[in-house]
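Please look over the sequence and the model shown here before reading on. The briefing below is meant for someone meeting this structure for the first time.

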Amino acid sequence: FRGGPVELSRLLTDLTRKDRIRFANLLLAMPEDIDSMYFAAVLDGMSGHGANTPADQLEAEKESLALVPTDLFEQVIQRLHRLADHPCGTSICDCIQRLSDRVLPDELFEILVYYATEDPDPFEDHEPNQGRHAFAGDPHAHGINSVRGQAAEAIASLLHEHGALSLWDFA
């Protein structure tokens, strides 16, 4: 194999999709000093993020995902969230959004709220008239492709699946 963390993490994501529980347990034992891309790759594989699943295999993919217990997802997400500087926000928010049809523990909502309110990404605003080329001047595209934007999308999915703000007690 050749490549750096990006190329190898893509391979790890694909392998994780084939044996989600095994790789989740591997992630829980991985030392913190390895590149965070590998942590994100396992969670992406667990949740099916980035998979270009052919239409005839979508049902099998859903069934495979359904076999992974919610508490295992919770353990993996908490592990990633504890990493220094929270480098896996994108994968965490995407995973929670993909699990929005499940009843999720409060700890996952708290983690999601952290990324929605505290994550520094996007690092700066790109106004369409500032002459910047980020996302061709489209503020929606810029925002939604940030960790905070992905957290907002995940919150929207949870609200859609579970109804009003009864999910959280903000008091």
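Predicted model: local features only at pLDDT ≥ 70, side-chain atom pairs only at ≥ 80, totals over all residues.

Residues are numbered from 1 along each chain as its sequence is written, and side-chain values use heavy atoms, with hydrogens and water left out.

- Helix 6 is largely enclosed by the rest of the structure, because 7 of its 10 residues are buried (under 20% relative accessible area, with a 1.4 Å probe and protein chains only).
- The buried residues of helix 6 are Gly89, Ser91, Ile92, Cys93, Asp94, Cys95 and Ile96, and they pack against helix 3, helix 5 (70–81), helix 7 (106–117) and helix 9.

**Helix 6 against helix 9**

- Helix 6 (residues 89–98) and helix 9 (residues 147–162) pack at an angle of about 10°, and their axes are 8 Å apart.
- The two helices, helix 6 and helix 9, are therefore roughly parallel to each other, a term used for angles under 35 degrees.
- In this contact (heavy atoms within 4.5 Å), helix 6 contributes Gly89, Thr90, Cys93, Ile96 and Gln97, while helix 9 contributes Val147, Gln150, Ala151, Glu153, Ala154, Ser157 and Leu158.
- By class, the residues of the contact between helix 6 and helix 9 are 6 nonpolar, 5 polar and 1 charged, where Ala, Val, Leu, Ile, Met, Phe, Trp, Tyr, Cys and Pro count as nonpolar, Asp, Glu, Lys and Arg as charged, and the others, Gly among them, as polar.

**The largest pocket**

- A pocket is an open set of points on a 1 Å grid where a 1.4 Å probe fits, with protein on both sides within 12 Å along at least five of seven lines, and its lining residues have an atom within 4 Å of a point.
- The volume of the largest pocket is about 360 Å³, and of its 14 lining residues, Ser47, Glu61, Lys62, Leu65 and Arg98 lie nearest its centre.
- Helix 4 (residues 58–66) gives the most to this lining, with 5 residues, and the lining as a whole has 5 nonpolar, 4 polar and 5 charged residues.

**The second largest pocket**

- The second largest pocket holds about 310 Å³ of space, and among its 15 lining residues the closest to its centre are Ser9, Met37, Ala40, Asp44 and Ser91.
- Helix 1 (5–18), helix 3 (36–47) and helix 6 each give two or more residues to the lining of the second largest pocket, with the largest share, 5 residues, coming from helix 3.

Definitions and conventions: Axes fitted to C-alpha atoms, helices over the stretch in contact; angles between N-to-C directions. Helix = DSSP H or I, 4+ residues; strand = E, 2+ residues; numbered from the N terminus. Parallel < 35°, antiparallel > 145°, perpendicular 65-115°, else oblique. Points joined across faces, edges and corners; volume = space filled by probe spheres on them. Buried < 20%, exposed > 50% of the residue type's maximum accessible area, 1.4 Å probe, protein only.
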